[in-house]
Amino acid sequence: MTELIDRMSPEHAEALAGLIGAPDAGGGPLPPLWHWTYFLARPGQPELGPDGHPLHRAPAPPRPGLRRMFAGGRVTALGLLDLERPATMTSAVTEPVAKESRSGPLWFVTQRLEYRQGEALVITEEKDIVYREQHPGGGSLVGARSHPEAVALAGAPEAGFDVQVDETLLFRFSALTYNAHRIHYDLSWAEHEGYAGLVVHGPLQALLMGEALRRTGVDLVGQTFSYRLVAPCVGTQLLRVRCGTTEAGVYDAEGTLTATAGLTAA
């Protein structure tokens, strides 16, 4: 188990607000999911591998030579974190579970996290990480690329916003989350890993879906926000983020659904 303490400086929230075009927290509670810009491990440069990932990262790969990919996760907001008040994150990982896929063996690992301020448990979270063999392809974590389709909206007209994703936005999000994985900002490396362009971060897509829900008046506190990456989101493009009252999705420039999210009572 590892532990990180963060002073919850408002500058992180201000930077994220500027990046995604949202009002900043203004010194008040941190909006749901924005905690991903806090509690960041900061390894030294010699501790990074050629792909930009830390050599001794958590969760560690089941064996050397595997590619790490982010599949999705679940965030339960029991409350909101306050800015300028220290908070603690603890994390633990499950044992790898091996499965066979059409592209070869996969290993699934879940990272479980808890966030506290004082004695209060504020957020619980699970992140699903997949490890696969080092071969080109850039394929989806959960199977073949999905066809363009609509998210089933629950009880509300379609709402949301569009986001222009370019090299600058991807670089800034990488910097803000201290994510040095080169597939997000180094085109030659992304192509080396088998992608046709820079890869749009999974957490960025999840955060945008949470923002779509929040901006339409949906309260994420007291609910579990579950999200899943269902197709690669690659290249600079205009993304459409759409939501109903309990579900959301991200569509790429071709109209393909690349990520989904849903809300359930905590």
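Reader: How many helices and strands are there in the protein?

Author: The protein has four helices and eleven strands. Please keep in mind that this is a predicted model.

Reader: What share of the residues counts as buried?

Author: The buried share is 48% of the 266 residues. As for contacts with a separation of 6 or more, 73% of them join residues 24 or more positions apart.

Reader: Which residues of helix α1 are buried?

Author: In α1, residues 10–20, they are P10, A13, L16, A17, L19 and I20. The cover over these buried residues includes α2 and α4. Just after α1 comes G21, with a positive phi of about 70°.

Reader: Which residues touch the most other members of the largest nonpolar core?

Author: They are W34, M209, F225 and Y227, in a core of 58 residues. Helix α4, residues 202–215, gives the largest share of this core, with seven residues. Apart from this core lies another, of six residues, including I183, A190, Y195 and V199.

Reader: And what is Y227 in contact with, leaving aside its neighbours within four places in sequence?

Author: Among its contacts are W36, F70, V75, A206 and M209. R74, E125 and K127 are also in contact with Y227.

Reader: What makes the pair R112 and E126 a salt bridge?

Author: The cut-off is a side-chain nitrogen of Lys or Arg within 4 Å of a carboxyl oxygen of Asp or Glu. Here the N to O distance is 2.8 Å, and the side chains of R112 and E126 meet in a salt bridge. The pair links distant parts of the chain, with R112 in strand β5 and E126 in strand β6, 14 residues apart.

Reader: Why are R112 and E126 called partly exposed?

Author: That class lies between the limits of 20% for buried and 50% for exposed. R112 has a relative accessible area of 45%, so R112 is partly exposed. E126, at 23% relative accessibility, therefore counts as partly exposed too.

Reader: How do you know that the pair R242 and D162 ties together parts that are apart in sequence?

Author: Their side chains meet in a salt bridge, at 3.0 Å from N to O. R242 lies in strand β9 and D162 in strand β7, so the pair ties together parts that are 80 residues apart in sequence. As for burial, R242 has 17% relative accessibility and therefore counts as buried. D162 has 41%, so D162 counts as partly exposed.

Reader: Why are E211 and R214 said to be separated by about one helical turn?

Author: They are three residues apart in helix α4, which means a separation of about one helical turn. An α-helix has 3.6 residues a turn, so residues three or four places apart point the same way. E211 and R214 form a salt bridge, with the closest N and O atoms 2.9 Å apart. E211 has a relative accessible area of 1%, so E211 is buried, while R214, with 28%, is partly exposed.

Reader: Which residues do salt bridges that share partners join into one network?

Author: That network consists of R74, R112, E126 and D128. The structure holds nine salt bridges.

Reader: What lines the largest cavity?

Author: The lining has 15 residues, with P32, L33, V75, A77 and I123 lying nearest the centre of the cavity. Strands β2 and β8 each supply at least two residues of the lining. By class, the lining has twelve nonpolar, three polar and no charged residues.

Methods:
Residues are numbered from 1 along each chain as its sequence is written. Side-chain values use heavy atoms; hydrogens and water are left out. On a 1 Å grid over the protein atoms alone, a cavity is a set of points where a 1.4 Å probe fits but cannot get out, and a pocket is an open set with protein on both sides within 12 Å along at least five of seven lines; lining residues have an atom within 4 Å of a point. Ala, Val, Leu, Ile, Met, Phe, Trp, Tyr, Cys and Pro count as nonpolar, Asp, Glu, Lys and Arg as charged, and the others, Gly among them, as polar. A nonpolar core is a set of buried Ala, Val, Leu, Ile, Met, Phe, Trp, Tyr and Cys residues joined through side-chain atoms within 4.5 Å. Buried means under 20% relative accessible area, exposed over 50%, partly exposed in between (1.4 Å probe, protein chains only). Contact means heavy atoms within 4.5 Å.
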